[in-house]
Amino acid sequence: MAPGLACSDATASHNALPCAIIKTTMRSVARLLFLLCAVAAFVRPALAYTPEEAADMRRRALDHFYNLEYNEAIRLFEQLRDSDRTNPTWQNQLATSYFYEILYRAGSLQGDLFGASNKFFTMKKIVPEPSLVEGFKKANSEAIRLCEKRLELSKKDEASLYACGVAYAARASYQGIIEQSLFSTLGTARKANDYHSRLIEANPAFYDAYLVPGLYDFLLGSLPKAAKFLLFFGGFTGDRQRGLSKVETVSTSGVDARTDARIMLTVLYRREHRYADAIRAVSSLVDAYPRNYVFPLEIGALHRGAGEKDVAIQQ
């Protein structure tokens, strides 16, 4: 089958998986893939500037990132990248900023987008600007090259294991949302999960590394039963509640990934119809990132989902 998973009556009889299952699986996978790309925003950096300078630049870049000001985030991460082109951290953060700029320009970062209405899948396919695609792919490929080269020298290097997992998570997100390629997405997401699972095995206290495996578990555990049965024979398994628990761990014990985990939990809780928990998770971000208009919209959407229309109108 073609990478884009075009599925028609003329070709359905020749597909290894029934077209209906493929389409359903693709919807379930793509729905959460945007979550994976967020993890690239919090890779722990090896500083090339003085520690104070780099910390301040990174803090300002992330403030822009979480306030939807991706052009400013890109500018600062490019400066950090240019200061040390051998550091996969800056490549990862730059790639993620490019990816979110693509989603932002496509109108794909708005409240209620990933709710139960499946609104995301009624939208036209995203056709990103070539310059943004080039920026993402170049930074993402360089991040993978750098971290895998480091792992050739030291297989247990924690920073490199983490960076590789982040880079493959971002690539899986791009493949799922932009390219809409199911099998490429699943294979790449498994690589991301494997890298961070290896890191957790070596250092269980590296709590930021639980986010990708948690999302991977939740994603696969949320697939329809028929899809889970078929994917099981390809080595793809997951558990929704186990995944949710991992993300919750990051939201309370993570260091750099805590904010991202809370954003993730907003979506995961919503899918579980745990509206009160989702509201608490996103409400903690409103004051921290006041220029991000999506968070208040999401709170309103959550109240609406919970049947609290009067409260939703006030948001």
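Buried means under 20% relative accessible area, exposed means over 50%, and partly exposed is in between, with a 1.4 Å probe and protein chains only. This is a predicted model, where local features need pLDDT of at least 70, side-chain atom pairs count only at pLDDT 80 or more, and totals for chains, interfaces and linings use all residues. Residues are numbered from 1 along each chain as its sequence is written, and side-chain values use heavy atoms, without hydrogens and water.

The overall picture first. The protein chain has 14 helices and zero strands; these are DSSP runs numbered from the N terminus, helices being H or I with at least four residues and strands E with at least two. Of its 315 residues, 52% count as buried.

Next, a pair of helices. The axes of helix 11, residues 258-271, and helix 13 come within 12 Å and cross at roughly 20 degrees. Axes here are lines fitted to C-alpha atoms over the stretch in contact, with angles from 0 to 180 degrees between N-to-C directions. Helix 11 and helix 13 are therefore roughly parallel, the term for angles under 35 degrees.

Now the loops. Tyr293 sits between helix 12 (275-286) and helix 13 (294-305). Why is Tyr293 partly exposed? Because its relative accessibility is 40%.

Leu68 is in the loop between helix 2 (51-66) and helix 3 (70-83), and His273 is in the loop between helix 11 and helix 12. Leu68 counts as buried because its relative accessibility is 10%, whereas His273, at 53%, counts as exposed.

Methods:
Parallel < 35°, antiparallel > 145°, perpendicular 65-115°, else oblique.
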